[in-house]
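Here are my notes for your first look at this model. Please keep the structure open beside them and check each point as you read.

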Amino acid sequence: MAGLRMSVVVSATAFLLGLLFTHWIADSLTLWKSPERQTDLRLWTSATYYAILMHGPPQLAYVYAGVALLGAVTILWSLRDGRAGNLMFDGGSIFLYLTALAVYLYSVVPNLTANFSKLPLPFTAPTTAEKLPPFPPSLREPTLELASSHLVCSVVLTGVLALQAGRWWAEQADVDEDDGEDGEDGGMRGERDGDETGAETDKTAEESMSPTEVRRRVKA
């Protein structure tokens, strides 16, 4: 059961992390760029991506929310065991997981809804950089904040995967140690049983000998 729970947590986290990686198409254009390199072309490309994203099927949002909820519930379920390994690894995992959800719900979602849900798609045909209109100053800050928030969520979810990998490694080490102890106990029991069997054989042989043979063996 523990392996199933870990598989669900890792799968849900990897799914959400993959979604965030897809945003790198837009975020890579605005992250860690100096003001001189932050051109209107980069900002328009990023804003257009988010506008297309907000005009997508709304059913996808329910799928993403369901996967995120499944991962959180599974981690909380693991905490019920009360074992030290679960409290350490799953406790850290749920903290990081909820941090990522909080950043996304309180920073990313309001930003997308307020600034990009009603933004008309500005370009229906390829447009050269010379013909681009000036990027709206009101969208500059929200576009940069989206990239930063997505980066924070990605780093935090990567920490969840690292903690789950650490938990798996710790459990495997415990299993190997238990197997080694069982093997040593089995060997000791085999040696003890062998000694006892040998003593019983000698005793039986002595009992089967005649008095004359016993005296002869004692003199020898």
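1. **A word to start with.** A pocket here is an open set of grid points where a 1.4 Å probe fits, with protein on both sides within 12 Å along at least five of seven lines. Rolling a probe the size of a water molecule over the atoms shows where empty space is left. Keep in mind that the model is predicted.

2. **The largest pocket.** The volume of the largest pocket is about 810 Å³. Its lining has 27 residues, and those closest to the centre are Leu 60, Ala 61, Tyr 64, Tyr 104 and Val 109. Which elements give two or more residues to this lining? They are α1 (2-22), α3 (40-54), α4 (59-78), α5 (84-115) and α6 (137-208). The largest share comes from α5, with eight residues.

3. **What the lining is made of.** Sort the lining of the largest pocket by class. You get 23 nonpolar residues and four polar ones.

4. **The whole chain.** How many helices and how many strands does the protein chain have? The count is seven helices and zero strands. Along the sequence, the pattern reads α-α-α-α-α-α-α. The protein chain has 220 residues, and 27% of them count as buried.

5. The buried residues of α4 are Val 67, Ala 68, Gly 71, Ala 72, Thr 74, Ile 75 and Ser 78. Why do they line one face of the helix? Seen down the axis of α4, the buried residues fall within an arc of 160 degrees, so they line one face. On the other side of α4, Gln 59, Tyr 62 and Leu 69 are exposed.

6. **Helix α3.** Run the same kind of check here. At 1.5 Å a residue, the 15 residues of α3 should span 21 Å. Its end C-alpha atoms are 21 Å apart, which agrees. Which residues of α3 are buried? They are Leu 43, Trp 44, Ser 46, Ala 47, Thr 48, Tyr 49, Tyr 50 and Ala 51.

7. **Phe 116.** Find this residue in the loop between α5 and α6. Is Phe 116 buried or exposed? Its relative accessibility is 0%, so Phe 116 counts as buried; the cut-off for buried is under 20%. Leaving out residues up to four places away in sequence, Phe 116 touches Ala 47, Tyr 50, Ala 51, Met 54, His 55, Asn 111, Leu 139, Pro 142, Thr 143 and Leu 146. Take Tyr 50 from that list. Phe 116 and Tyr 50 are 66 residues apart in sequence, but 6.4 Å apart in space, C-alpha to C-alpha.

8. **Leu 146.** This residue belongs to helix α6. Leu 146 counts as buried because its relative accessibility is 0%. Beyond its neighbours within four places in sequence, Leu 146 is in contact with Asp 27, Tyr 50, Val 108, Asn 111, Leu 112 and Phe 116. From Leu 146 to Ala 47 there are 99 residues in sequence and 10.0 Å in space, C-alpha to C-alpha.

9. **Pro 142.** Helix α6 holds Pro 142. Pro 142 has 9% relative accessibility, so it counts as buried. Its contacts, neighbours within four places in sequence aside, are Asn 111, Asn 115 and Phe 116. Ala 114 is 28 residues from Pro 142 in sequence and 9.4 Å away in space, C-alpha to C-alpha.

10. **Thr 13.** Look in helix α1 for Thr 13. Thr 13 counts as buried because its relative accessibility is 0%. What is Thr 13 in contact with, leaving aside its neighbours within four places in sequence? The contacts are Tyr 97, Leu 157, Val 160 and Leu 161.

Key
Residues are numbered from 1 along each chain as its sequence is written. This is a predicted model: local features need pLDDT of at least 70, side-chain atom pairs count only at pLDDT 80 or more; totals for chains, interfaces and linings use all residues. Side-chain values use heavy atoms; hydrogens and water are left out. On a 1 Å grid over the protein atoms alone, a cavity is a set of points where a 1.4 Å probe fits but cannot get out, and a pocket is an open set with protein on both sides within 12 Å along at least five of seven lines; lining residues have an atom within 4 Å of a point. Grid points are joined across faces, edges and corners, and a volume is the space filled by probe spheres set on the points. Helices (H or I, at least four residues) and strands (E, at least two) are DSSP runs, numbered from the N terminus. Ala, Val, Leu, Ile, Met, Phe, Trp, Tyr, Cys and Pro count as nonpolar, Asp, Glu, Lys and Arg as charged, and the others, Gly among them, as polar. Buried means under 20% relative accessible area, exposed over 50%, partly exposed in between (1.4 Å probe, protein chains only). The arc is that of the directions from the helix axis to the C-beta atoms. Contact means heavy atoms within 4.5 Å. The expected span of a helix is 1.5 Å times one less than its number of residues.
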